Amino acid sequence: MKVFCVLWVLCGMSLSAFALDREAFTFTKYDLQIQLEPEQSRLGARGKITLRNDSAQPQKIAVLQISSSLGWRSIQADGKTLQFVSQPFASDIDHTGALSEAIITLPAQVKPEDSIELEVAYEGTIPLDSTRLTQIGVPEVIARHASWDQITPSFTAVRGVGYVAWYPISTESADFTEGNSMFQVANRWKRREASSEMNISACSSDDQTPPDAVLMGDRSPGVRGGSGGGSDHHPQQKFLCVLHRFEPAGIDAPTFAFAKFKKQTAGGSPLVTVHSLDNHDSGATTYLIAASPSAKFVTEWFGSPTTPIAIADLADPHAAPFESGMLLLTSMEVVDPKLAQINLTHELVHSAFLSPRPWIYEGLAHFAEAVYREKQDGRQAALMLLGVHRAAFVDPEKAVAGAPQKNPGEPLSATFDEIYYRSKAAYVWWMLRDMIGEASLKQAIHNYRPADDKDPKYMEQLLTAASKRDLGWFFDDWVYHDRGLPDLHVQSVHPWKNENGTQIITVTFENLGSAGAEVPYTVRFDDGEITRRIEIRAKSTATTRIELPGAPLEVIINDGSVPETEMGNNAFRIVER
Ligand SMILES: [Zn+2]
């Protein structure tokens, strides 16, 4: 009998594990009240979540996951308490490397496309925790600069999905040690949440943590008012709340920060607010001064910034900066004025320009950083900034080019993967500017209306109309498909003189990659150099002829403005005969 029971339990477990589809539901709406108690490192939350069954099967079980340092208090539907099993679930999507998972038996099956509203309550602490990094061998001292999320009496900053599951999610296990697993899980979540809505009321009953001092990166002005219900600890107590609204919540990873910040506005306008910690006045001033030139630049390209943005200080001077919506978290201990202008430019682009497509929304903000960098110190400085982005996506793109069947890659037009919609997109916009010119690109941006962006080809149409150029091949290779990157080199150079004695060279370039590009090339000769541009389609060659005022020395293809898989084969020295 005992053997039977054990077998029965095992069978039962494997059956339930088999039936559990953690990514069946999309969380379409959150209405959560959160209360921070920094003195206890504590967060308490309660509210409603709407889950829509986006799978093909009816679902009787729902899964809700929060950080493993938080615990479930209650889960209800229609005012009735639901049965749930709470268990730890190993996943690197949270900084602790684990989630508190509630496996809930729903009152009835939820059919495909139907929704159910759950009322939830959970609470716990959010201490600094770098377990998910240290357990894969990252030294503690480095891991802490990346995993800086925490609630403490002196400083609080907590990022959302991918860092801390401070609001309920539901994902398959993410594992840092298994290739891209962690990023794939997070990207799938972002994609599912792309048009979700999140309303967070920051609530408080005391003066220590006033709710309007809790920073969040939403686009709403932070509507004050309403009183929250009581918490489990203080059922009778009334709370003052400030409402924050993320819409959509998808790529923003809703984040909050709270500390004894000194709050200052740039030029007395609420557009740019700088929140700094003690002894960081100089860094804060650098940001305040940078606001005006950055805003002027952004206005020229994207129209007037309108949504207020906030820059907030991080307690750890080596902490990696992070943006969530309209909030940038970055240390102000030491601030380079040029970097401050570039950071503000990025955020102000978001303030001025909206798009539902990540490659347009984030890609243009990163592109604007590079254009501003060019304004500061010239094209080479801008290309160096872009080079940092290239390092992020060159290996994934090599994998795509090497085995497209196994690694189909991510078309920019549909991606929710940061390295594509930030880094690769920044280059795509830069190449487009080089190809069609600044005036045409600005015109297309000015004509863009997010509400009209229903078709992935909408942006191409605006650019084509503004530039009168056929960009179909470029969008096919870079935006609608992921074909990897070009690999350009000089195939042959033939110097000769015509009957008048003029020095001429005939150059053939080859693109070994599967993405075409229009690319600059430079011919160096005795007393100078000539730079021109040439279009070289995928797996093709292109030949050109150039008249030179002196003897040719070297031909160089690509100044770094086109991201390639291989940048070491771009120069060709011409040997004298
Ligand atoms: Zn951004």
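Trainee: In which sense do strands S23 and S24 pair?
Mentor: Strand S23 (residues 517–525) and strand S24 (residues 528–536) pair in the antiparallel sense, over nine bridges. Two strands count as paired if DSSP finds at least two bridges between them. The elements are DSSP runs numbered from the N terminus: helices are H or I with at least four residues, strands are E with at least two.

Trainee: What joins S23 to S24?
Mentor: A hairpin, through two residues. Phe525 stands opposite Gly528 in S24.

Trainee: What kind of model is this?
Mentor: It is a predicted model, where local features need pLDDT of at least 70 and side-chain atom pairs count only at pLDDT 80 or more, while totals for chains, interfaces and linings use all residues. Residues are numbered from 1 along each chain as its sequence is written, and side-chain values use heavy atoms, with hydrogens and water left out.

Trainee: New topic. Which residues hold the zinc ion?
Mentor: The protein donors are Glu323 and Glu362, each with two OE atoms, plus NE2 of His346 and of His350, at 1.9 to 2.5 Å from the zinc ion. Donors are N, O and S atoms within 2.8 Å of the metal (3.2 Å for Na, K and Ca); water is not among the atoms, so a site may look incomplete. Along the chain the spacing is E-x22-H-x3-H-x11-E.

Trainee: Where do Glu323 and Glu362 sit?
Mentor: Glu323 is in strand S19 (residues 322–324) and Glu362 is in helix H7 (residues 358–377), so the pair links parts of the chain 39 residues apart. Both Glu323 and Glu362 are buried, where buried means under 20% relative accessible area, exposed over 50%, and partly exposed in between (1.4 Å probe, protein chains only).

Trainee: What about helix H11, how many residues are buried?
Mentor: Seven of the 10 residues of H11 (residues 458–467) are, so the helix is largely enclosed by the rest of the structure. Among them are Tyr458, Met459 and Glu460.

Trainee: Which helices do they pack against?
Mentor: The buried residues of H11 pack against H7, H9 (418–436), H10 (438–447) and H12 (472–480). Just after H11, Lys468 takes a positive phi of about 55 degrees.

Trainee: Last one. Is Gln109 buried or exposed?
Mentor: Gln109 is exposed, at a relative accessible area of 52%. Gln109 lies in strand S7 (residues 98–110).

Trainee: What does Gln109 touch?
Mentor: Leaving out residues up to four places away in sequence, Gln109 touches Pro58, Gln59 and Lys60; contact means heavy atoms within 4.5 Å.
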